[in-house]
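I opened my notebook beside the model today and wrote down what I looked up, one entry at a time. Come along and check each entry against the picture.

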Amino acid sequence: MLVKQAEFVTSVADKNYYNSQFNEVAFVGRSNVGKSSLINFIANRKKLAKTSSTPGKTKLINYYLINKSFLLVDLPGYGYAEVSKQEKTNWGDFLEEYLKTSKKLKCVYLLLDIRRTPTNQDEQMLKFLYFNRISTKVVVTKIDTLSKSQVNNNLMIICSKLALNKKDIILTSSQDRKGLEDLLNSIESYVLE
């Protein structure tokens, strides 16, 4: 799939989700995992999604229309320590409601940072997606930040912790464009079904 057009559509902050005729794929992951960079990477645009070095920047559900044919949905990051317990609970409820009720959601891409061991929250999110029978793919980001042997070692840790097979993980780097074709092919297989 070639991305020729990408545009921001809307953001929502409550349970009145954007209602569209387009199929959706959603990106979820802990704060600072590189979701916004990955969205810009897919869209081939530097500033479509706002990136920040400050974790917890995405507090809304953001919708991007790709090729006028499907929506890429940027979900709020989880695990950011600097917000109150109540705000974390609200974000969790917000995420859960969207994931359980979206009629057009075709797949959730769970993002993991290659430099970090998956957290209990990553594990819980994966179990939640599986339990609710939501099609899920795991995407590992920032592979350019480590050597090839470190990537392989950390990938083994991720697979062990989350009971995954290496062949089921998409490795990406927004910096050097690695994994883009694999990721786009995966997305295409869900949105065009």
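Which residue takes a positive phi in the hairpin of β3 and β4? I found that it is Asn-67, with a phi near 55°. Three residues sit between the two strands of this hairpin. I also reminded myself that this is a predicted model.

I stayed with β3, which covers residues 61–66, and looked up how covered it is. Six of its six residues are buried. Next I checked which way the side chains point. Ile-61, Tyr-63 and Leu-65 point one way from the strand, while Asn-62, Tyr-64 and Ile-66 point the other way. Residues on both sides are buried.

Then I looked for the neighbours of β3. Strand β1, residues 6–12, runs antiparallel to β3 and is joined to it by six bridges.

**Entry: helix α4**

I moved on to α4, which spans residues 148–162 and has 15 residues. From its first C-alpha to its last, the helix reaches 21 Å, close to the 21 Å expected at 1.5 Å a residue.

Which residues of α4 are buried? I listed Val-151, Leu-155, Ile-158, Cys-159 and Leu-162. Looking down the axis of α4, I saw why they belong together: the buried residues fall within an arc of 95°, so they line one face of the helix. On the face turned away from that buried side, I found the exposed residues Met-156 and Ser-160.

I then asked what the buried residues of α4 pack against. My list has β5 (105–113), α3 (120–131), β6 (136–141) and β7 (169–171). Just after the helix, I noted Ala-163, which takes a positive phi of about 55°.

My last stop was a pair of helices. Two packed helices are described by the angle between their axes and the distance between the axes, so I looked up both.

The axes of α1 (residues 35–43) and α5 (residues 180–191) come within 11 Å and cross at roughly 85°. The two helices α1 and α5 are therefore roughly perpendicular to each other. On the α1 side, Leu-38, Phe-41 and Ile-42 make the contact. On the α5 side, I wrote down Leu-180, Leu-183, Leu-184 and Ile-187.

Methods
Residues are numbered from 1 along each chain as its sequence is written. This is a predicted model: local features need pLDDT of at least 70, side-chain atom pairs count only at pLDDT 80 or more; totals for chains, interfaces and linings use all residues. Side-chain values use heavy atoms; hydrogens and water are left out. Buried means under 20% relative accessible area, exposed over 50%, partly exposed in between (1.4 Å probe, protein chains only). Helices (H or I, at least four residues) and strands (E, at least two) are DSSP runs, numbered from the N terminus. Two strands pair if DSSP finds at least two bridges between them. The expected span of a helix is 1.5 Å times one less than its number of residues. The arc is that of the directions from the helix axis to the C-beta atoms. Contact means heavy atoms within 4.5 Å. Axes are lines fitted to C-alpha atoms, for helices over the stretch in contact, and angles run from 0 to 180 degrees between N-to-C directions. Angles under 35 degrees count as roughly parallel, over 145 as roughly antiparallel, 65 to 115 as roughly perpendicular and the rest as oblique.
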